[in-house]
Amino acid sequence: MVLEVENFHGVYLLYCTNPKYKGRTYIGYTVDPRRRVSQHNKGSKFGGARRTSGKGPWDMVLIVYGFPSDIAALRFEWAWQHPNISRRLKHVPNKRSSEKAYDHRLRVMASMLRTTPWCRLPLTVQWLKQEYRRDFPVDLQPPPHIPIGYGQIKSKKVKKVRGGGNEGSSQDSEDELPSISSSQSSRCEVCIKKIKSGDATVECLYPHCGVKSHMVCLAEYFLQKEPLQVLPVEGACPRCKGMSRWGDIIRKKQGCYADLMKEMIENEDLASHWAEELHV
């Protein structure tokens, strides 16, 4: 089973299996993991990086995704590639002489996920190949809102419908939410004021709720326990109380998650499949 992710921005780790170069690693950015690893293995003439060309085969073993933009992902990529000169990673110890390059890359990545600004982004760590999986050290566990996934992944284009909207905003989707009347849906769930045309709004991530709020109102609601922060990490819907990451709410506004319930079921099945394999 392959996990499909919309609006994909990811930073990946490659591992070389060529006996001559075995153990070498490479860090890169991609919007399409399957295409990118194929390019690396075909060589620079087919779009692969010069550093990996002619040294394959390469396995893409892990990818960190969920960045809000290509710029955010590229900054993460650069810092992961250059931990010794990144001003945000001065606290990370240098590579030990007895430490393998692969283990050092993973240690740096784990430290980055606990460092600002990345510790507040809606990221996911995805292990793509079971045989390369490592447990995070006890003192370098990712924040609770950054899950660890397992299995293959591929990018997926955001679905569009006629009229410029996304599939999730179609009339059929509205009809599936009988618990929200038209008068209720025209008011912000947080400030209770009417939502005017042109107001920046967001919706609850859960299809059975779908309540709307002003973007600023919901952000302030999520930040009640973190008054000194500007960017929310996660919070509970003011109506259904379902927990959502702020970044996922923004992704829904951008057109993602039109098939959210189907994706939730597939993700549960995928996690169960890997759990069974890990216990074999």
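What share of the contacts in the protein chain with a separation of 6 or more comes from residues 24 or more positions apart? The figure is 65%, with contact meaning heavy atoms within 4.5 Å.

## The model at a glance

This is a predicted model, so local features need pLDDT of at least 70 and side-chain atom pairs count only at pLDDT 80 or more, while totals for chains, interfaces and linings use all residues. Numbering runs from 1 along each chain as its sequence is written, and side-chain values use heavy atoms, with hydrogens and water left out.

The protein chain has 8 helices and 11 strands; these are DSSP runs numbered from the N terminus, with helices being H or I of at least four residues and strands E of at least two. Of the 280 residues in the chain, 45% are buried. Here buried means under 20% relative accessible area, exposed means over 50%, and partly exposed is in between (1.4 Å probe, protein chains only).

## Helix α3

Helix α3 covers residues 101-112, and its 12 residues should span 16 Å at 1.5 Å a residue. The expected span is 1.5 Å times one less than the number of residues. The end C-alpha atoms sit 17 Å apart, which agrees.

This helix is mostly covered, with 10 of its 12 residues buried. Among them are Tyr102, His104, Arg105 and Arg107, along with Leu106, Val108 and Met109. The cover over the buried residues includes strands β2 (10-16), β3 (25-30), β4 (58-65) and β5 (124-127), plus helix α2 (70-81).

## Salt bridges

Take a salt bridge as a side-chain nitrogen of Lys or Arg within 4 Å of a carboxyl oxygen of Asp or Glu, and the count comes to 10. Glutamate 99 pairs with arginine 96, with 3.5 Å between the closest N and O atoms. Glutamate 99 is buried at 9% relative accessibility, whereas arginine 96 is partly exposed at 47%.

Arginine 133 and aspartate 135 make another salt bridge, at 2.9 Å between the closest N and O atoms. Arginine 133 is partly exposed, at 27%, and aspartate 135 is exposed, at 63%. Then there's arginine 239 with glutamate 189, at 3.2 Å. That pair links distant parts of the chain, 50 residues apart: arginine 239 is in the loop between β10 (234-236) and β11 (243-245), and glutamate 189 is in the loop between α5 (182-185) and β8 (201-203). Arginine 239 is partly exposed at 29% relative accessibility. Elsewhere, Glu4, Lys154 and Lys156 are linked in a network of salt bridges.

## Cavities

Rolling a probe the size of a water molecule over the atoms shows where empty space is left. On a 1 Å grid over the protein atoms alone, a cavity is a set of points where a 1.4 Å probe fits but cannot get out, and lining residues have an atom within 4 Å of a point. Grid points are joined across faces, edges and corners, and the volume is the space filled by probe spheres set on the points. That gives 2 cavities of 30 Å³ or more.

The largest cavity has a volume of about 80 Å³. Its lining has 15 residues, and Cys204, Leu218, Cys237, Pro238 and Ile249 lie nearest the centre. The elements giving two or more residues to this lining are β8, α6 (215-222) and β10. By class, the lining splits into 10 nonpolar, 4 polar and 1 charged, where Ala, Val, Leu, Ile, Met, Phe, Trp, Tyr, Cys and Pro count as nonpolar, Asp, Glu, Lys and Arg as charged, and the others, Gly among them, as polar. The second largest cavity, at about 30 Å³, is lined by Pro83, Asn84, Leu89, Val92, Pro93, Asn94 and His104. Its lining has 4 nonpolar, 3 polar and no charged residues.

How values were computed:
1 Å grid on protein atoms, 1.4 Å probe; cavity = no way out; pocket = protein on both sides within 12 Å on 5 of 7 lines; lining within 4 Å.
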